[in-house]
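Here's a quick tour of a protein model with more than one part to look at. Have the structure open and follow along, topic by topic.

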Amino acid sequence: MPTINKRISEEIRAQARKLLEEGEVAAVLGYGAGSLPMTVKPLVVRRPEDCSKLIWSAFCVLNLANYLPAALKSVEPPRGPRDPKHEGPLPKVAILATGCWSRNIVVQIQEHQVARGRVVVMGVGSRGMVSRRKVEALFPGLEILAVEEGDHELVVRGADFAETINRWSVVRDNCQSCTHPDPVLVDLRIGEPVSERKNPNPFKQVEEIEQQSGDERWAWFTREFSTCIRCYACRNACPLCYCPTCFVDDAKPQWVGKSLDAVDTGLFHVLRAYHCAGRCTDCGTCETVCPMGINMRLLTKKLNKDVLNLYNIEAGMEPDSPLPLTTYTMDDPEKFIITELTPVPRAVKEGK
Amino acid sequence: MSETNNWEPKIIAFLCNWCSYAGADLAGVSRFQYPPNIRIVKVPCSGRVSENMIMSALKSGADGILVSGCHPGDCHYISGNYFAKRRFALLSNLLDFIGIEPGRVSFSWVSASEGEQFAEVVHSVTERVKALGPASRLVKQLDAVQAA
């Protein structure tokens, strides 16, 4: 009996081939095998015969929604700035999507980055993606040459060892705390739907920090982000970051300095996270691609928690509703407003 | 530090053109004195104040930041301050989360007719910032930059 992911891979190939052969889509956005163990690479398939390159595994950690706007653009017929608009419908792109990625696509639709009619969402229920870093941490000093994937276990092989480990124990933190593993937007279902996961406290990691004192939190923040090398991988891998000029590249005014100074890196991370407020779906890609292993996801998770508590909105759950920061209600909480005012001392009042 | 005794905080105040700035004006006209620690930046609307501006002021060495706009419902642009309210709520929580002292960045609503309230707001903000002392978190220091 082939494993669940093997069956899903087969189904993806068959469906992608069918879509391309029938001319329903011009390209399929999926994953191909990576060059190292436990890696995959994003793959755009344009010919039916290339569909055999598509794979699905527990290591599909890059968010495909990040490549969707560019993929849609690439299949459009070439058009100069003065050429007339293309007549008739533009070609479509099919994309693989689990819960969080489908919510990112919803956010892209809400923000008019992607036209709903041009996307065919191939929905896959997520069983949680495995963190390569967590697996490597189990084998310090050893080189992992291959990882075989079972349904509930992973067989890790090196030059002179082979060990079976529990799959869930090495699943990424964001997948472990995920409550919506099944895609919210599905045009074509791949595999079996996955039920909503009951998680008593999806914000446990955030609350652990919140319970600390202000000084401890500041110590945590400076320590966590001190190793940042400003490679901007977190920004580049994020499907929310599509501004033509990012605030970090602004020169006048220069919001954030370009040095490795702790203040500059700190400001970058605070503002980057804040720009994802109400839009982040906790896909964990920023954290996964970080070469320094910084847990910057905790900042966006904190914002997700506040958006849910204050406005009762989870990003990307409903395509027809507005994003939390583009709307308001008359009775939004305003606890942060100063209420305790010091009366002006009398002498000062009279100008003495 | 002996300088601490004479230390006076620098507070950047982003005031909306239609209410809070007029409120500051009224405080002046009505001769309500308030501490001279605030440096006013006039903005069209509290909705104009972005997180980049607030953080940039902090980075550049402001000891305190005050953002003030029209009361909800009174916005000259109908709804600018409602959007600002959502954004500031999230920002102040995030700043608290990373350990920026509560009171560094303050928000208030002051209308054009509230000259006395404006003086009170500036008083309380200045008191809070004075109690916190000079800002050090997320403030860019030249010697640290040179060392990095």
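Before we talk about how helices pack, here's the ground rule: axes are lines fitted to C-alpha atoms, for helices over the stretch in contact, and angles run from 0 to 180 degrees between N-to-C directions. Keep in mind that this is a predicted model, where local features need pLDDT of at least 70 and side-chain atom pairs count only at pLDDT 80 or more, while totals for chains, interfaces and linings use all residues. Residues are numbered from 1 along each chain as its sequence is written, and chains are lettered from A and ligands numbered from 1 in the order in which they are written.

**Where a helix of chain A meets a helix of chain B**

- H11(A) packs against H4(B) at about 135 degrees, and their axes are 10 Å apart. (Helices, H or I with at least four residues, and strands, E with at least two, are DSSP runs numbered from the N terminus.)
- That angle makes H11(A) oblique to H4(B); angles under 35 degrees count as roughly parallel, over 145 as roughly antiparallel, 65 to 115 as roughly perpendicular and the rest as oblique.
- The crossing of H11(A) and H4(B) is right-handed. (A crossing is left-handed if the near helix is turned anticlockwise from the far one by less than a right angle, and right-handed if clockwise.)
- Which residues meet here? On the H11(A) side they are A:Leu299, A:Lys302, A:Leu303, A:Asp306, A:Val307 and A:Leu310, and on the H4(B) side B:Ala89, B:Leu90, B:Asn93, B:Leu94 and B:Phe97.
- Sorted by class, this contact of H11(A) with H4(B) has eight nonpolar, one polar and two charged residues. (Ala, Val, Leu, Ile, Met, Phe, Trp, Tyr, Cys and Pro count as nonpolar, Asp, Glu, Lys and Arg as charged, and the others, Gly among them, as polar.)

**The whole contact between the chains**

- Chain B puts 44 residues into the contact and chain A puts in 45 residues. (Two residues are in contact if their C-beta atoms, placed from the backbone, lie within 7 Å.)
- On chain B, helix H3 (51-59), helix H4 (80-97), strand E4 (105-109), helix H5 (115-132) and helix H6 (142-147) each supply at least two residues of the side that touches chain A.
- H4(B) gives the largest share of that side, 13 residues.
- The side of chain B that touches chain A splits into 21 nonpolar, 11 polar and 12 charged residues.

**Inside chain B: a sheet and its helices**

- Chain B has an open sheet of four strands in the order E2-E1-E3-E4, with parallel pairing. (Two strands pair if DSSP finds at least two bridges between them.)
- Strand E2 (38-43) and E4 of chain B are at the edges with a single partner strand each, so one side of each has no neighbour in the sheet.
- Strand E1 (residues 11-16) and strand E3 (residues 64-69) of chain B run parallel and are joined by five bridges; B:Ile11, for one, has B:Gly64 in E3(B) as its bridge partner.
- Helix H2 (residues 20-29) of chain B lies across E1, E2 and E3 of chain B, at about 110 degrees to E1(B).
- H4(B) packs on the sheet too, touching E3 and E4 of chain B, and its direction makes about 155 degrees with that of E4(B).
- H2(B) also packs with H5(B), at an angle of about 95 degrees and with axes 7 Å apart, which makes H2(B) roughly perpendicular to H5(B).

- Chain A is divided into domain 1 (1-76 + 89-128 + 180-199) and domain 2 (204-325). (Domain bounds come from an automatic or database domain assignment.)
- The C-alpha centres of domain 1 and domain 2 of chain A lie 25 Å apart, and 18 residues of domain 1 are in contact with 16 residues of domain 2.
- Helix H3 (residues 99-110) of chain A supplies nine residues, the largest share of the side of domain 1 that touches domain 2.
- The axes of helix H9 (residues 262-275) and helix H11 (residues 297-311) of chain A come within 9 Å and cross at roughly 40 degrees.
- An open sheet of three strands in chain A has the order E5-E6-E7, with antiparallel pairing.
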